[in-house]
Amino acid sequence: MAFEGFSNFESALRALMDKLDFKMEEPFKDVSKVLCIEPHPDDCVIALGGTIKKLVDEGIEVVYLLLTDGSMGTTDDGISRHELALTRLQEERDSAKLLGVEKIITLDFVDTELPYDREARKEIVTIIRKEKPEMVLMPDPWLPYESHPDHRRAGLLGIEAVGFSSLPNFNRTDLEAGLEPHTVSAVGLYYTHKPNYFVDISDVVELKLEAIKRHRSQFTDEIWELWEPYLRTISLYYGKLGGTKYGEGIRFVPGLFLHLCPFYDLI
Ligand SMILES: [Zn+2]
């Protein structure tokens, strides 16, 4: 193999990126299924509702993997955890339907207590092997100031599960059950402060907000008064970075760079 291009870091990096199957400019090329991992029932739509709608319209299947039951998401003392979990799952189904998402897989960990352990990781690996998505999306676990442990853990667990799902000796029970190791070519991190890809959602932003509002237990009229401007501001921020009015930002990381890489911060 020739390494002529490898005279300095910049040219080496360009040559290396060329060798990857994953192309940063066309991340969804050759993708037929996306698995979107969310810690709570409203995270996929809040982060990526516009992108999801557009992917579905292009014929790409989007499947949600909901990690927790959402049973802590209330300040109302009169509603039980069980009741709230059921309400939130129904809201999630309605919201997903509006974007064209049909399938929601639930793992039912307790809201605020998503464990960061091998059992949780194994369960996500099994789902990746069952669903065989080419791309997996999850929260950016390194978002500065993110206070919710479920969000940080969902990001880490998702990245780790992608890393391990291709290893046949990891959770061999899956193989004994007839599943095969599965390689995901890239992950996309949402709720990120370092996006390297933008989707123009100007034409679907109102639909996105409508789909978010289907989570009625989370967005009462009073809460919406502050959250609508918050969500619009976030969309305008990503839009500004991406050169459109409203936008969503994703940080894509090709599988190769999810291990050992000291320079991915630059990309
Ligand atoms: Zn959340």
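This note goes through the fold, the sheet, the core and a few single residues.

1. **Ground rules.** This is a predicted model, where local features need pLDDT of at least 70, side-chain atom pairs count only at pLDDT 80 or more, and totals for chains, interfaces and linings use all residues. Residues are numbered from 1 along each chain as its sequence is written.

2. **Overall build.** The protein has eight helices and seven strands. Both are DSSP runs, numbered from the N terminus: helices are H or I with at least four residues, strands are E with at least two. The radius of gyration is 19 Å, close to the 18 Å that the globule rule gives for 267 residues, so the protein is as compact as a globular protein of that length. That radius is taken over C-alpha atoms, and the rule is 2.2 Å times the number of residues to the power 0.38. The C-alpha trace spans about 70 × 50 × 35 Å along its principal axes.

3. **Burial and contacts.** Of the 267 residues, 40% count as buried. Buried means that 20 or more other C-beta atoms lie within 10 Å of the residue's own; exposed means 12 or fewer, and partly exposed is in between, with C-beta atoms placed from the backbone. Take contacts between residues at least 6 apart in sequence: 78% of them join residues at least 24 apart. A contact needs C-beta atoms, placed from the backbone, within 7 Å.

4. **The sheet.** Seven strands form an open sheet with mixed pairing, in the order β3-β2-β1-β4-β5-β7-β6. β3 (103-109) and β6 (197-200) stand at the edges with a single partner strand each, so one side of each has no neighbour in the sheet. Two strands pair if DSSP finds at least two bridges between them.

5. **Strand β4 and its partners.** In β4 (residues 135-139), five of its five residues are buried. Strand β1 (residues 33-38) pairs with β4 in the parallel sense over three bridges. There, Cys36 stands opposite Leu137. β4 also pairs with β5 in the parallel sense, over five bridges. Met135 has Ala186 in β5 as its bridge partner.

6. **From β5 to β7.** β5 (residues 186-190) and β7 (residues 247-254) run antiparallel, joined by four bridges. Gly188 faces Phe252 of β7 in this pairing.

7. **The core.** The largest nonpolar core has 55 residues. Such a core is a set of buried Ala, Val, Leu, Ile, Met, Phe, Trp, Tyr and Cys residues joined through C-beta atoms within 7 Å. Cys36, Ile37, Val136, Leu137 and Val187 have the most contacts inside this core. Helix α2 (residues 43-57) gives the most to this core, with seven residues. Beyond its neighbours within four places in sequence, Val136 has contacts that include Leu35, Ile128, Val162 and Val184.

8. **Helix α7.** Which residues of α7 (residues 205-213) are buried? They are Val205, Lys208, Leu209, Ala211 and Ile212. These residues cover an arc of only 160° around the axis, so they lie on the same side of α7. The arc is that of the directions from the helix axis to the C-beta atoms. Their cover includes α2, α3 (81-99) and α8 (221-242).

9. **Gly163.** This residue lies in helix α5 (residues 149-164). Gly163 counts as partly exposed because it has 17 C-beta neighbours inside 10 Å. Leaving out residues up to four places away in sequence, Gly163 touches Leu258 and His259. Gly163 and Ile223 are 60 residues apart in sequence and 38 Å apart in space, C-alpha to C-alpha.

How values were computed
Two residues are in contact if their C-beta atoms, placed from the backbone, lie within 7 Å.
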